[in-house]
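Hi,

Here is the structure I said I would pass along. Have a look at it first, and then read on for my notes.

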Amino acid sequence: MKKSLLDYTLKIRLPLMLFVIAASFVITFYVSRAERDGVGYAPEQPIKFSHKLHAGQMAIDCQYCHVGVEKGRHAIVPSVNTCMNCHAVARKNKPEIIKLTQYYEEGKPLPWKRVHKVPDYAYFNHSVHVNAGITCESCHGNVQEMDVIEQVKPFTMTACLDCHRNPEEQLPYLENVKKGPDNCAACHR
Amino acid sequence: MSKTKNDKNFWKSLKEYYNDPDVLKSKSNEFADGVTEDFNPSELSPISRRNFLALLTASAAFTATACSDYQDKGEIIAYNKRPEGIIPGKPNFYASTCTGCSNNCGVLVKTREGRPIKLDGNPDNPINKGKICATGEASILNLYDPDRLSGAHKNRRKVDWKSIDSEIIDILNKAVSDGKEIALITKTVTSPTYKNLLTELKTKYKTLKIYSYEMFDDLNKRNAWEKSYGSRNYPSLKLDEANIILSLESDFLGKEGNYIEAARKYAGKRDVMQSIEFNRLYVVEGMMSLTGMNADYRFRLRPDYQKDFVLSLITEITNKNGKSLYSKSYSGKDFCTKYGFDQEKYSTLVQDLLNNQGKSIVLAGNSLSEETHILVNYLNDVLENSALYDNNSINNELIKNSSKADWKELESKIKNKTVSVVINAEANPVFDLSASFINEVETKISLVDSENETSSVSNYVLPINHALESWGDYNSRSNLISLQQPVINPIFDTRQKENIILTWVNGHSEAYSDDAYHQYLKNSFKENVYSRLNTPAAFDRFWFASLHDGAVQLNNETSANQFNYSAVSDIKVENKNNSEYLVHLQKSYYIGDGKFAGNGWLQEMPHPVTKVAWDNFAAVSPLTAKSLDVEMNDLVEVTTDGKNVKLPVIVQPGMADNLIAVELGYGREVISDSGKNTGTNANILLNGKGYFFDVNVSKADGTYKLASTQEHHSLDDTFVKDFHRKRKIIQEGTVKEYQKDNRFLDKYKYENFDITKGPEYTGLKWGMAIDLNKCLSCGTCVTACNVENNVPVVGKDQVLTGREMQWIRLDRYYSGTPEEPIVSNQPMLCQHCDNAPCENVCPVNATNHSTDGLNQMAYNRCVGTRYCANNCPYKVRRFNFYNFRDHFANAYYQNDVSALAHNPEVTVRSRGVMEKCTFCVQRIMEAREDAIRENKPLTGDMVTTACQQACPTDAIVFGDSNDKNSKLYKYRNHELGYHVLEVLNVRPNVTYLAKLRNTHSEEV
């Protein structure tokens, strides 16, 4: 039987094309995944603040600055006056501290770049997690080692549910850990 | 052709030079050999240009996606200096006072990160005890009204405050030196410090005269009280001790007096969980009112016949209890024959009043004449009902409201040019009193929050603070001073009304400071309250403690006076024989006297009886409609004194014949876009003859479409008649029936069975119960829900197409005859069914069930097929046909200021998603958060839904239906409990407690 152009298209070109499309999609999907989820995002901040120095070397408790995290939804970015508790005295002449003092004295808001974000239709609550004994590192990574804060875990619904459904695997340090709620209204309302 | 080599000066090749024939031939061809020959595709590169470009683009796109930079997540702007006591994400609460009307209920303001988002009653207030009305709940929207004025204006031009203040002070001084009157018009004054301030203003500017008014005042009641008891301040009532309540044209549960307090006390004696010794409510009225809907016995009577009715009652009662001090007799029999009353019902009433002497109360409506009020006072005295007067809590009158004569005088003074300045202090006389004569005054100064009819004709317009931005003290009841404190800095360039006046009192514009009135108030409080209380606490401590509590209780008990019998001696039977039409002008339930006409939430609240939103109307009885030859939406023309108004008709079952009931407050002309074209201005009919008077009524041409959220099912159509009873949507009984057989509802119970095994709820399971004995259908739950859950305003055009978004619908059903209907009410909200029919049909699983029994709705998953709403037997799902914030009134509520009113804990839904009651899941999650923090289990009583919190009668109970000790469990398993449409086996989680009517019969 004579080979027609249609045969060629159907048997070779079409599968080839589909394969190329699928492959490039899959590759792109996985390659870009981290960035889509924001993993590795480490924006430059208006003041070069180092968590490695403060939380790591000096071992200041997270909640000294991120107050209210055990009481409410937000683990707020500390207000400038919290920094000034120490820096009104400590290292006053360093350029970054001079910048900070300027913000404080002028009463100007400090535009801190947001690193971690859940979509606004998801109502994440810090206090319920912190009060259940989950450490900050479990989601935010080893902050004590970071000079510039970077997102290390994806903040996707899958990531949330992985932990909510299998907390013993994800949070092995917690004893008698209970499953988190996995109904819609737990986060969406 | 050949050429010699010499001919050529230029040559390209030797071949050409020698005139090679090949060259000559090629020269005659445009293209070289082979260039234009047909090419063979198989010899070309397999990738065409098109493919190449496509591949290039695709790879560029993929690379771009793969290698693009991270998405920017914006910034977090932290506090520079964090205020103490604010934790972002946690609400703060402040006690304050509502100034929506002169009841001055104590409120608790919920603020988030410094902005107020919800008003609720202050539980520490002894009068309103944690509840406020629907208007109060929704008044938060007025704070964020984008149409509020900003900056002082002179002749429509912005001028700075300082120069405008000095200008006004000069004008005032000039008026005094010229001997011209300064007329200050204000609403009823209930604040003692404001009163002091006005007195000081009067001292400073000698020719100043204060005119105060209230559209629907209690002047007749006060005058009558003065004549009966010698004091203008009448006591509040111990309604919670009354066995028999007879209301004469008094909507005391809906809009008269402090109806929040009255509703609580009334419903307190309708609690099946406590006792079934119910009170019995008799209502005699013309228009079907909210109180009338809840009556056990209701009589139809035009308001102008009320006097005769009271006289006949007095005769009947004094004849029987032998306390006849009143010689004129007008027997009940005569009255019943004349006005077609049911004799039997009438004698039941008389007997009940006689059997409950000292334990009953007769209430007269504020619109009734002074004489009728005196008669009612006398009747109560004869029945020894003065025992129910609460002399510890007296309705104060700080400044006597101006009488009709005072207004007439002002008008003539203005006509005679002896008034040179009119100051409009947060009032609107041009609309309310049709006082357009103030236009003739030289200087008109308006202190208003947004433009109204009076400010639009004023030379000076000074914008004032909202109540939530103001300081104040209120003393509308003798035993309480309720304090008001600002919870937010003024959003716009406004000043507090009292502070502006204080600057004028001080006499120079430099005297102004933002804190001036605060200090003034504090000093006045120190002098007048603190010094009298003999408290050991230092003043500052006491002041802050009082601000914290929101109120200071005083002990001002007065002894009761004796009834002055001479007051009744001249009152005669009117024996009015009138076939004319009577119009009764009434207060609107939600927008008050028009003050809240710009508030979309309140405009969209369906009228509790007729269910009409966005409009006022002329309500007539079915018989009157027939004689006028009109139907719903037809227009009638009401004429009196040469003034006429055209109004659309509502045929209202249960109304007195030849009566037209019209609500005022509608038809505002100078108002924000949200209140434009709503209703008709019927204020112009007011003629100083009270609130009801004879009019001419005729059918007018044309129709006007009213937006009603619930149609009248015609009562005589056999197909739909009583369908709510046939389908057991409403299950009712009487107290007698219940006493005889407390399980009388069991005959309606339906044994459902499942062919599959449903999920089991072992842990906490949320449920709600609504006690229909207590529910009055006042609508407070609806507005509270609107505020809590960011429910949008949709506008009249959308209500007409049935697209209202309120999550709670107050269903109203009639049974019986159109003349004497029985009304049943039922709040209908998402029933959170265990076998929810909506869940099965969702193609994307956006609605499903949680393990704690909630029918949850994930908005970001919903694609808007609306199958769920189709399949819901209760019709409680609401679809966003538009982004309503964008769609309503030229995107009136789509702006940065109005957005601040949103509850940050609830998603603001956009176009194309379905929504419905969530059982306030945000509050459940908040309670859960607290439970986790305090390391204790979450229990049902830790959650209060917004509707439950707001319900003035505590008819709503919410909690864990699996907890056998919970209140909800008792309600759910009460013998009066039933589910709506039980036969469908959807297993709802909202239990209704059947209403028991306290009649003398065993049948409804």
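Predicted model: local features only at pLDDT ≥ 70, side-chain atom pairs only at ≥ 80, totals over all residues.

Below is what I found in it, chain by chain and then contact by contact.

**Chain A**

Let me start with chain A, which has nine helices and one strand. If you walk along its sequence, the elements come in the order α-α-α-α-α-β-α-α-α-α. Along the principal axes, its C-alpha atoms take up a box of roughly 90 × 45 × 30 Å. Of the 189 residues in chain A, 16% are buried. As for its contacts with a separation of 6 or more, 61% are between residues 24 or more positions apart.

**Where the two chains meet**

On the interface, 41 residues of chain A are in contact with 35 residues of chain B. Which elements of chain B give two or more residues to the side that touches chain A? They are α3 (49-67), β1 (75-77) and α29 (921-933). The one that gives the most is α29(B), with five residues. Sorted by class, that side of chain B has 15 nonpolar, 13 polar and seven charged residues.

Strand β1 of chain A, residues 111-113, runs antiparallel to β1(B), and three bridges join them. One pair to click on is K113(A), which has E75(B) as its bridge partner in β1(B).

**A sheet in chain B**

Now for strands within chain B. Strands of a sheet pair through backbone hydrogen bonds, either parallel or antiparallel. In chain B, four strands make an open sheet in the order β37-β30-β39-β38, and the pairing is mixed. The edges are β37 (956-960) and β38 (977-978), each of which pairs on one side only. Strand β38(B) pairs with β39(B), residues 990-993, in the antiparallel sense over two bridges. In that pairing, Y978(B) sits opposite Y992(B) of β39(B).

**Helices in chain B**

Two packed helices are described by the angle between their axes and the distance between the axes. I looked at two partners of α18(B).

- The axes of α7(B) (residues 192-204) and α18(B) (residues 516-533) come within 10 Å and cross at roughly 105°, so α7(B) is roughly perpendicular to α18(B). On the α7(B) side the contact has P192(B), T193(B) and N196(B), which meet Y520(B), L521(B), S524(B) and N528(B) of α18(B). By class, that contact has three nonpolar, four polar and no charged residues.
- For α17(B) (residues 497-506), the axis is 8 Å from that of α18(B), and the packing angle is about 90°. That makes α17(B) roughly perpendicular to α18(B) too. Here E498(B), N499(B) and L502(B) of α17(B) make the contact with A516(B), Y517(B) and Y520(B) of α18(B). The residues in this contact divide into four nonpolar, one polar and one charged.

You will spot Y520(B) in both: it meets α7(B), and it is part of the contact with α17(B).

Another helix to look at is α9(B), residues 259-268. How many of its 10 residues are buried? The count is nine, so the helix is mostly covered. Among the buried ones are the charged residues E261(B), R264(B) and K265(B), along with Y259(B), I260(B), A262(B), A263(B), Y266(B) and A267(B).

Is N155(B) buried or exposed? It has 9 other C-beta atoms within 10 Å, and 12 or fewer counts as exposed, so N155(B) is exposed.

The other is A891(B), where phi is about 55°. Its place is in the loop between α28 (884-887) and β36 (914-915) of chain B. A891(B) counts as partly exposed because it has 14 C-beta neighbours inside 10 Å.

That's the lot from me.

Cheers

Terms used
Residues numbered from 1 in each chain as written. Chains lettered and ligands numbered in written order. Pairing = 2+ DSSP bridges. Buried ≥ 20, exposed ≤ 12 C-beta atoms within 10 Å, placed from the backbone. Contact = placed C-beta atoms within 7 Å. Axes fitted to C-alpha atoms, helices over the stretch in contact; angles between N-to-C directions. Parallel < 35°, antiparallel > 145°, perpendicular 65-115°, else oblique.
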